Each structure stands twice: as structure tokens, then as C-alpha cells.
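Q: I have a new structure open and would like to go through it with someone. Could you walk me through it?

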Amino acid sequence: MPPYLSVSRFALLALFVLFAPARAAAHPVPFSYLDLRLQPGAIDGTLVVHILDVAHDLSRARAEDLLDPAVAAGQFQALTTMLTGRLRILVDGQPAPIEWTRMDVAPERQSLKLYFRVPAPAAVPSMQLSGRLFPYDSNHKTFVNVYEGDLLTQAILDSTKTTFDYFAGTRQGRIAVVGRFLPSGIHHILVGPDHLLFLIGLLLLGGTIRRLALIVTGFTVAHSITLSLAALNLVNPPSSIIEPAIALSIIYVGVDNLMVKTGRDLRPWIALAFGLIHGFGFANVLREMDLPSRALGWSLLSFNIGVELGQLAVVAVVATLLAGVRSWSAALGRRVALAGSLAVIAAGGFWFVERVFLSGGIR
């Protein structure tokens with residue numbers, strides 16, 4: 001090795017040794033700690049914040065001065081006013097005022113510990129935390145502990161996740177879970193054009209009520225299985241594969257409609273097979289909603305029921321309209337089925353190209 005390279009590496013190492021500790025000392029702990037205890041009629045809370053974060057946001061030159069109880073007491077009003085604007089607590093969907101009561105100095109943790117109380121119903125059905133306590137630091141994290149009796153639920157708030165939903169382990173909590181996730185399931189199926197088009201494609205050729213019921217049941221059973229597996233983190237194929245596969249399923253339905261022969265109706269099996277793929281698509285949406293771990297079963301069931309209700313509403317409307325067209329004119333019904341199948345193929349093809357070549361491709 002040339003001598004000058006060796007010297008250069010030594011110099012870089014020396015600089016790292018000299019400046020790394022200084023950088024670490026500048027902000028060794030970019031964390032806050034929030035404890036919430038659910039009590040009858042109130043939520044008792046404590047918040048531990050590092051003096052370096054407080055000094056930065058209150059524009060104090062020396063963070064160490066905040067470890068003096070007299071200095072800290074003089075900053076209590078400014079600090080709580082700042083934190084109130086950044087920490088938001090909703091109880092059963094309604095904003096709840098934070099009543100700061102006192103503050104202690106914690107020299108061993110280089111921190112300040114604040115106490116507060118939030119008025120609440122006798123039984124808290126649900127609670128949502130939101131906000132970033134110290135947004136100047138993109139690495140800052142707030143560790144949250146929620147205590148309900150002896151039960152503990154934990155979460156982390158940071159720059160990528162700024163909200164946390166908590167549902168109590170009571171009947172009111174379960175009702176709150178259903179109230180959130182059931183409408184979300186209905187909304188998702190009604191605003192998801194790919195899932196809707198897949199269903200509509202299956203309905204274009206019509207059929208008896210029994211046949212349509214088999215189609216819908218096959219789709220429901222299949223996507224319920226994979227939705228549950230993905231929500232429980234048992235099987236998690238990447239969306240970069242699932243989303244193009246959903247587009248291909250739409251194309252397949254349209255092509256099958258054009259190639260169908262008298263007496264050949266594989267639509268229930270198509271619904272069952274491709275419903276497995278669509279279930280993973282539903283799960284991707286559900287996962288983004290941050291499922292409550294202690295109410296996982298209820299949230300999963302509620303979302304799935306919502307999807308089914310929205311799906312049945314679409315099936316009822318579309319099947320009724322198509323049946324009306326066919327009863328008025330069989331020839332017109334065939335033309336509608338043909339035109340609809342071509343439209344389904346075109347839309348599926350567009351989504352496939354978009355999802356493979358314009359959205360990162362299959363990885």
C-alpha cells in the first residue's frame with residue numbers, strides 16, 4: 001500500500017475518533033417516553049423529554065441549566081404550551097384537553113418529566129394519539145406505553161408514523177373497532193376500481209341466482225382466507241407482485257367471457273382462484289390502517305364484513321341491471337356482454353402496464 005494512502009486513512013480515522021463522541025454528546029438520546037394510564041373518568045399521563053430537545057426548541061443556549069429545578073420551573077409554562085400544540089389526544093373521536101399538573105427534573109436521565117391528566121369517560125372505548133414532539137429532529141422517536149389495568153400496549157411515534165390508535169379491551173372498545181373498520185371495508189371495495197371491475201366482469205354473462213351466488217361466495221371465501229393470512233403476517237407477498245397479478249386477473253375474466261362456450265361456466269372457479277390474489281390486495285390496504293394488536297380479530301372481521309357488504313351492494317345493482325337488459329332484448333344483452341368484456345380487458349391491460357412498467361415493476 002502506498003504510504004500516502006496509509007497516512008490518509010489514519011487521518012480519517014483520527015478525525016472520526018475526535019468528532020464522533022462530540023456528535024454523540026450533542027444528542028445522545030433522540031427519544032421521548034410517554035406513559036398513559038386509563039383510569040375511570042380520566043387518563044393519567046407522564047412524558048419524559050430530553051433536555052437537549054427542550055433546549056433546542058425553547059432556544060436555550062445551555063441545556064444543562066434545565067436540570068436546575070428553579071430554571072426548569074421557569075420554563076414549565078413555555079414547555080407545556082409548546083407540547084400542547086404538538087401532542088393531540090382524541091378520546092372516542094373527540095379532542096381531549098391536556099391538563100399539565102407538574103414537572104420534575106430527572107438528572108440521571110438528562111431529562112424533564114412532566115405529569116398531566118386528560119378528562120375522559122368512565123370507560124374509554126378508544127383513544128388516538130397524534131403529533132411529533134420534536135419535529136426538528138427527523139430521527140426523534142416517542143415510545144408510548146398505554147396501561148389498562150395490568151394490560152400493556154406499546155407503540156412508537158416518529159417521522160414516518162405520527163398517529164397511534166388504541167382500542168380498549170371492553171365491549172365499548174370492540175364497538176369502536178367495528179365502527180371504524182366496517183365502514184373502511186365498505187369504502188375500500190366501493191372506491192377500488194380494480195376489485196369492482198373484476199366482479200363486474202364475472203357478472204357480465206348473467207346466470208341464475210344460484211350461479212351468481214356461487215361466484216360471489218367463491219370470491220368471498222378466497223379473499224377472506226388470504227386477507228386473514230396477510231393481516232396476521234403469516235403470508236406477505238409484495239404488492240409489486242400482487243397489484244400486477246390483480247390486473248392480470250381482470251384481463252383473464254374478460255378473455256374468458258369472450259371464449260366461453262355453451263355449457264361451460266368456470267366463473268365460480270375463476271372467482272375462487274383469483275379471489276386469493278385480491279385478498280392480498282385488500283390486506284395491503286388493511287395493513288396501512290395500523291391494525292390494533294389487541295383487537296386484531298375484531299378489526300379483521302369488521303373490515304371483511306364491510307368488504308362483503310359493499311360487494312353485495314355492487315352485485316345486486318349490476319346483476320339487476322344486466323338481467324333487465326337481457327329480458328328486454330337478448331341480442332342487446334349479448335352486445336353489452338361483448339362490449340363490457342372488451343372494456344374489462346382494456347382496463348386490466350392498462351393497469352398491468354402501469355403497475356409493471358410505470359410503478360416500479362415486479363420485484
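**Cavities, sheet and pocket**

A: The largest cavity is lined by Gly-131, Arg-132, Leu-133, Phe-134, Pro-135, Asp-137, His-140, Thr-142, Leu-157, Asp-158 and Ser-159. On a 1 Å grid over the protein atoms alone, a cavity is a set of points where a 1.4 Å probe fits but cannot get out, and lining residues have an atom within 4 Å of a point. This is a predicted model, in which local features need pLDDT of at least 70 and side-chain atom pairs count only at pLDDT 80 or more, while totals for chains, interfaces and linings use all residues. Residues are numbered from 1 along each chain as its sequence is written, and side-chain values use heavy atoms, with hydrogens and water left out.

Q: What volume does the largest cavity have?

A: Its volume is about 60 Å³, where a volume is the space filled by probe spheres set on the grid points, which are joined across faces, edges and corners.

Q: Which classes make up the lining of the second largest cavity?

A: That lining has four nonpolar, two polar and no charged residues, whereas the lining of the largest cavity has four nonpolar, four polar and three charged residues. Here Ala, Val, Leu, Ile, Met, Phe, Trp, Tyr, Cys and Pro count as nonpolar, Asp, Glu, Lys and Arg as charged, and the others, Gly among them, as polar.

Q: Switching to strands, what is the order in the open sheet of four?

A: The order is E4-E3-E7-E10, with antiparallel pairing. Strand E4 (94-95) and E10 stand at the edges with a single partner strand each, so one side of each has no neighbour in the sheet. Strands (E, at least two residues) and helices (H or I, at least four) are DSSP runs numbered from the N terminus, and two strands pair if DSSP finds at least two bridges between them.

Q: How many bridges join E7 to E10?

A: Five bridges join strand E7 (residues 126-130) to E10 in the antiparallel sense, and Ser-126 stands opposite Phe-167 in E10.

Q: Why is E10 largely enclosed?

A: Four of the five residues of strand E10 (residues 163-167) are buried, so the rest of the structure largely encloses this strand. Buried means under 20% relative accessible area, exposed over 50% and partly exposed in between, with a 1.4 Å probe and protein chains only.

Q: What about the other end of the sheet, where E3 meets E4?

A: Strand E3 (residues 88-91) and E4 pair in the antiparallel sense over two bridges, with Val-91 opposite Gln-94 in E4. Asp-92 lies in the loop between E3 and E4, and has a positive phi of about 55 degrees although it is not a glycine.

Q: Is Asp-92 buried or partly exposed?

A: Asp-92 counts as partly exposed, because its relative accessibility is 45%.

Q: Last topic: which helices each supply at least two residues to the lining of the largest pocket?

A: Those are helix H8 (239-259) and helix H11 (330-357), and H11 gives the largest share, six residues. A pocket is an open set of points with protein on both sides within 12 Å along at least five of seven lines, and the largest pocket has a volume of about 220 Å³.
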